[in-house]
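Could you walk me through this structure in plain words? I have the sequence and the model open and would like a short tour.

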Protein chains: 2
Amino acid sequence: MKLTILGCYAATPRTFTNPTAQVLEIKNKLFLIDCGEGTQVQLRKNKIKFSKINRIFISHLHGDHFFGLIGLISTFSLLGRTTNLHIYGPKGIKEIILLQLKLSNSWPNYELSFTELASKESEIIFEDDKVIVRTIPLKHRVYTNGFLFQEKENDRKLNVAAVENYKIDTCYFLKIKKGGSVTLENGTVIANEELSFDGPAPQSYAFCSDTAYFEAIIPIIANATVLYHETTFLQSEAELAKKTLHSTAKEAATIALKANVKQLILGHYSTRYERISLFKEEAQTIFENVKLGDDGASFEFDSLILKNNQ
Amino acid sequence: MKLTILGCYAATPRTFTNPTAQVLEIKNKLFLIDCGEGTQVQLRKNKIKFSKINRIFISHLHGDHFFGLIGLISTFSLLGRTTNLHIYGPKGIKEIILLQLKLSNSWPNYELSFTELASKESEIIFEDDKVIVRTIPLKHRVYTNGFLFQEKENDRKLNVAAVENYKIDTCYFLKIKKGGSVTLENGTVIANEELSFDGPAPQSYAFCSDTAYFEAIIPIIANATVLYHETTFLQSEAELAKKTLHSTAKEAATIALKANVKQLILGHYSTRYERISLFKEEAQTIFENVKLGDDGASFEFDSLILKNNQ
């Protein structure tokens, strides 16, 4: 998996900071998560191919998470898109988009479909042969979901030496990769474990923004490879966080710790603070593996290398 | 009057070009005209005070002219605005905005009001002691209006020498500036013309975007100080202009010539062309006083000096 953060600042777009949007790449498929105003320009700046985005997940209907959606949908049309586009988001999002398309008399040439969410329980909202996406119901001022993206079990790796040793025909290789055993001509059954190694461990990504400190999410996101958790405030503004149903850096780190995730990425910073490194410093008093999200930062989950110049 | 162009490119926002939005300053009041996606960031970049914008005029409901409006309305709220905001735009704009405010549960703290337009005849939509604003019905794929901003007659200038000569008390000065005569103690009436000079000629600004070549606007915009007319295409794409109900540079210049305006400013350029100077070159084959609009350009109408580095 590879995560590119297009925007991760709270509230309004500013000259040098963007509201929430990020692109998750899983086995060459792109998933767009949230779509604040200016997301389409951020996609261009980060050289992400518009045509590879087929599914967009919107956490909630506060403007800094979806005001860029109608513009992106329209731009897809202007770019001549023909592939289906599917939007997942809170009930109401369909009405907002369709009303604007109707009044602007600009119906897209491609098929636009919606899955509207209303459940307060975690549910599977998308699944194919590679990935499964579940909602993570969050606690915020309006109905909000995070999203958990889980890779499915990867194929096993062929044990080339063993396969050659048993002189197994190539036509069995796919079966072995999928975990099957092989029966030789003499009737001997060779167990899969003898012919293959474990494939790479499946990765998972939990996006949790916006939310108050909310322990109910822990069982859903437990053991995730990467957790992106909002931290609008520092602990010094804990009262404000409580009032606005946002989290502090310490709270985000506590969730990471209790859920036993491998890596925490922070974001959704209030612009009131002088430097975002303050969030990392506070979080690391609770949980060690913290990275700072930032506009334009990208993370490869194998190495969790931050590619920009932070 | 002073015009600041925040964005003047057609269709989608891009890394270095912005969709339509401009700010017209008339006697220290700011009028925002159109509000494409990213307008609030352009306002910041151009150091325009958000709090001075109290009236927003939307030409039509194509995305590149209004997708930034909901974000700006929301940002006004986040910035703690309390002053009324009035939106003028096509029927339907109120429903679009209110639906999003309702679903995001983010009703502004300030009073938000709408004048929805549906007439195909030019009408006065705003008037105060300084300015009068009329619609300019345009010809486009959806219901569209341009806007004509006309300063009211300016005060006359006091003839200081004459006033001193007649020993006229300062309490008459305002009356003289407003065009009144003065009766001296001996009963002699001094005509206003003896005591004052003409004030500066009232200026006017006609915004016409988007529109096909449409001669019906000529009587409305006749003799305007400045006409901003769209020129999405060059004459080489005249067929495309006709089909999409846009104008070429030559057509924009023809309207300027026939309407006898003092100055033409071009904008709403398709990004297909290598350089925007092509639009100016084509327009000047018809009409001499042409300036190129560009994102960040500002124009003082007294001097029509372009302040950016074009």
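B:Ile124 sits opposite B:Arg134 in β8(B). The strand that pairs with β8 (residues 131-137) of chain B is β7 (residues 124-127) of chain B; three bridges join them, and they run antiparallel. With three residues between them, β7(B) and β8(B) make a hairpin. A quick word on terms: two strands pair if DSSP finds at least two bridges between them. Strands (E, at least two residues) and helices (H or I, at least four) are DSSP runs, numbered from the N terminus.

Before going on, keep in mind that this is a predicted model, where local features need pLDDT of at least 70, side-chain atom pairs count only at pLDDT 80 or more, and totals for chains, interfaces and linings use all residues. Residues are numbered from 1 along each chain as its sequence is written, while chains are lettered from A and ligands numbered from 1 in the order in which they are written.

**The sheet in chain A**

Over in chain A, seven strands build an open sheet in the order β7-β8-β9-β14-β15-β16-β17, with mixed pairing. Its edge strands are β7 (124-127) and β17 (290-292) of chain A, each of which pairs on one side only. From one strand to the next, the twist averages 20 degrees (axes are lines fitted to C-alpha atoms, and angles run from 0 to 180 degrees between N-to-C directions). Take a look at the β17 end: β16 (residues 263-267) of chain A is joined to β17(A) by three bridges, and the two run parallel. There, A:Leu264 stands opposite A:Val290 in β17(A).

How is chain A divided into domains? The assignment gives domain 1 (2-154 + 200-306) and domain 2 (157-196); such bounds come from an automatic or database domain assignment. Taken over C-alpha atoms, the centres of domain 1 and domain 2 of chain A are 42 Å apart.

Chain A also touches chain B: 32 residues of chain A are in contact with 32 residues of chain B. Contact here means that the C-beta atoms of two residues, placed from the backbone, lie within 7 Å. On the side of chain A that touches chain B, α1 (39-45), α3 (69-78) and α4 (93-103) of chain A each supply at least two residues. That side divides into 11 nonpolar, 15 polar and six charged residues. For this count, Ala, Val, Leu, Ile, Met, Phe, Trp, Tyr, Cys and Pro are nonpolar, Asp, Glu, Lys and Arg are charged, and the others, Gly among them, are polar.

Buried means 20 or more other C-beta atoms within 10 Å of a residue's own, exposed means 12 or fewer, and partly exposed is in between, with C-beta atoms placed from the backbone. In α4(A), the residues A:Ile93, A:Ile96, A:Ile97, A:Gln100 and A:Leu103 are buried. Looking down the axis of α4(A), you find its buried residues within an arc of 140 degrees, so they line one face of the helix.

Now for α10 (residues 249-258) of chain B: seven of its 10 residues are buried, so the helix is largely enclosed by the rest of the structure. Among them are B:Ala249, B:Lys250 and B:Ile255. Their cover includes α8, β15 (226-230), β16 (263-267), α11 (277-283) and β17 (290-292) of chain B. In helix α11 of chain B you'll find B:Glu281, which is partly exposed, with 13 other C-beta atoms within 10 Å.

Most residues other than glycine have a negative phi, and most peptide bonds are trans. Here are some spots that go the other way.

| Spot | Value |
|---|---|
| A:Asn105 | phi near 55 degrees |
| A:Asn260 | phi about 55 degrees |
| B:Asn260 | phi near 55 degrees |
| A:Ser209 to A:Asp210 | cis, omega about 0 degrees |
| B:Ser209 to B:Asp210 | cis, omega near -5 degrees |

A:Asn105 lies in the loop between α4 and β6 (112-117) of chain A and is exposed, with 12 other C-beta atoms within 10 Å. A:Asn260 is in the loop between α10 (249-258) and β16 of chain A, and with 12 C-beta neighbours inside 10 Å it counts as exposed.

Note on methods. The arc is that of the directions from the helix axis to the C-beta atoms.
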